[in-house]
Amino acid sequence: MKVVLALAASVDGKITKWDDIQNVQEWTSREDKQFFSSMIKKSDVMIMGSGTYQAVKKNLNFDLPILRLVLTKTPEKYKEDEKPGQLEFINSTPKELIDAITKLNPNQVLLAAGSRLSSQFLMDGLIDEFYLTIEPKIFGTGKPMFEDRILDINLKLVSIKKMNERGTLLIHYKKIV
Ligand SMILES: NC(=O)c1ccc[n+]([C@@H]2O[C@H](COP(=O)([O-])OP(=O)(O)OC[C@H]3O[C@@H](n4cnc5c(N)ncnc54)[C@H](OP(=O)(O)O)[C@@H]3O)[C@@H](O)[C@H]2O)c1
């Protein structure tokens, strides 16, 4: 099983445009959307934080055979949204969650989280690979890729691909252990 983080960011490292938390898909390229769809199709489980869930819930496609797990300290708030086996809300630490998912023996787990949860997964050493899409845009302000905290993660570049004429880059890293 591998745990893969996939993020799209501006050149200045913002994962939201200004303070608009809803519309990530509004500024990402068609090629990044295609890439992200292909990652969902390759994954058995997708983990989100409740912040990301709130931003993307209108666009979730339940035709795909993937289990989406949303981490929240208050799962009871989301009882009406729950779809067992497809969309579940869990109060857990990242480590406990990954231990539980390991027992399901999935091939790939996709982490599609915002700054808070991504930073925690990195801190706990739970991410094996990182796909970073850099869109050729600068926002100046917005949510950062990771929280402002001390991290010391060593990565190795696997590949870098220019995805379109404007120069959207897809950078694939592996964690060095
Ligand atoms: N550009 C991109 O690729 C990309 C990708 C993902 C998200 N985003 C954007 O990022 C924004 C959301 O970022 P975010 O940092 O607020 O959200 P997040 O990391 O997805 O979710 C954070 C929330 O998850 C809950 N949570 C539950 N267990 C937790 C745990 N162990 N550790 C940390 N959090 C836990 C907490 O909410 P409770 O109060 O529910 O407990 C916390 O506030 C959205 O605007 C989204 O569009 C962008």
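The largest pocket in this predicted model has a volume of about 1,300 Å³. Closest to its centre, among 49 lining residues, are Thr-52, Val-56, Ala-112, Ala-113 and Gly-114. A pocket is an open set of points on a 1 Å grid over the protein atoms alone, with protein on both sides within 12 Å along at least five of seven lines; a cavity is a set of points where a 1.4 Å probe fits but cannot get out; lining residues have an atom within 4 Å of a point. Points are joined across faces, edges and corners, and a volume is the space filled by probe spheres set on them.

Residues are numbered from 1 along each chain as its sequence is written. Totals for linings use all residues, whereas local features need pLDDT of at least 70 and side-chain atom pairs pLDDT 80 or more; side-chain values use heavy atoms, without hydrogens and water.

Helix H2 (30-42) is among the elements that supply at least two residues each to the pocket lining. H2 gives the most, with seven residues. Helices (H or I, at least four residues) and strands (E, at least two) are DSSP runs, numbered from the N terminus.

The structure also holds one cavity of 30 Å³ or more. Its lining includes Leu-122, Phe-130 and Lys-174. Strand S8 (169-175) and S6 each supply at least two residues, and S8 gives the most, with three.

| Space | Volume | Lining residues by class |
|---|---|---|
| Largest pocket | about 1,300 Å³ | 21 nonpolar, 20 polar, eight charged |
| Largest cavity | about 40 Å³ | six nonpolar, no polar, four charged |

Here Ala, Val, Leu, Ile, Met, Phe, Trp, Tyr, Cys and Pro count as nonpolar, Asp, Glu, Lys and Arg as charged, and the others, Gly among them, as polar.
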